[in-house]
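This report describes how some parts of one protein chain are packed against each other. Please look over the sequence and the structure first.

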Amino acid sequence: RAWSAAIGALQDQGVVISDQDRAGGVLRGARGPVGVTAIVRTRADGRVQVEFNTTGTASDPALVERISESYNRRMGR
């Protein structure tokens with residue numbers, strides 16, 4: 001469920017996904033000049049941790065925050 005929510009959150013914010021490695025838990029893409037990476041990991045206690053990172057954010061410094069908000073909505077939070 002977290003993997004699908006991460007993909008959807010990126011797409012909600014106009015990120016074009018260029019690489020999906022589900023086994024490794026990594027999504028990569030871009031929105032214009034901004035590179036985006038999502039990492040989905042299962043922690044030792046069984047909970048899922050999702051981390052979003054951006055590079056080249058000068059043109060859109062709030063993108064990672066909007067992606068996180070989209071992810072939380074998709075997860076029902």
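Helix 1 and helix 2 cross with a right-handed sense. The model is a predicted one. Helix 1 covers residues 2–12, and its axis lies 8 Å from that of helix 2, at an angle of about 135°.

On the side of helix 1, the contact is made by Ala2, Ala5, Ala6, Gly8, Ala9, Leu10 and Asp12. Helix 2 contributes Ile67, Ser70, Tyr71 and Arg74. Sorted by kind, the residues of this contact are seven nonpolar, two polar and two charged.

Ser70 sits in helix 2. With its sequence neighbours within four places left aside, Ser70 touches Ala9, Asp12 and Gln13. Ile67 is also placed in helix 2. Under the condition that neighbours within four places in sequence are left out, the contacts of Ile67 are Ala9, Leu10, Gln13, Val15, Val36 and Phe52. Thr42 is 25 residues from Ile67 in sequence, and the C-alpha atoms of the two are 20 Å apart in space.

How many aromatic pairs does a search of the whole structure find? The search finds one. The pair consists of Phe52 and Tyr71, whose ring centres are 5.7 Å apart; their planes stand at 65°, so the pair is edge-to-face. The cut-off behind this is that planes over 60 degrees apart count as edge-to-face. Phe52 belongs to strand 4 (residues 48–55) and Tyr71 to helix 2 (residues 63–74), so the pair ties together parts that lie 19 residues apart in sequence.

| Residue | Relative accessible area | Class |
|---|---|---|
| Phe52 | 11% | buried |
| Ile67 | 0% | buried |
| Ser70 | 1% | buried |
| Tyr71 | 5% | buried |

Buried means a relative accessible area under 20%. Phe52, at 11%, therefore counts as buried, and Tyr71, its partner in the aromatic pair, is buried at 5%.

Note on methods. Residues are numbered from 1 along each chain as its sequence is written. This is a predicted model: local features need pLDDT of at least 70, side-chain atom pairs count only at pLDDT 80 or more; totals for chains, interfaces and linings use all residues. Side-chain values use heavy atoms; hydrogens and water are left out. Rings of Phe, Tyr and Trp (its six-membered ring) pair if their centres lie within 6.5 Å; planes under 30 degrees apart count as stacked, over 60 as edge-to-face and the rest as tilted. Helices (H or I, at least four residues) and strands (E, at least two) are DSSP runs, numbered from the N terminus. Buried means under 20% relative accessible area, exposed over 50%, partly exposed in between (1.4 Å probe, protein chains only). Contact means heavy atoms within 4.5 Å. Axes are lines fitted to C-alpha atoms, for helices over the stretch in contact, and angles run from 0 to 180 degrees between N-to-C directions. A crossing is left-handed if the near helix is turned anticlockwise from the far one by less than a right angle, and right-handed if clockwise. Ala, Val, Leu, Ile, Met, Phe, Trp, Tyr, Cys and Pro count as nonpolar, Asp, Glu, Lys and Arg as charged, and the others, Gly among them, as polar.
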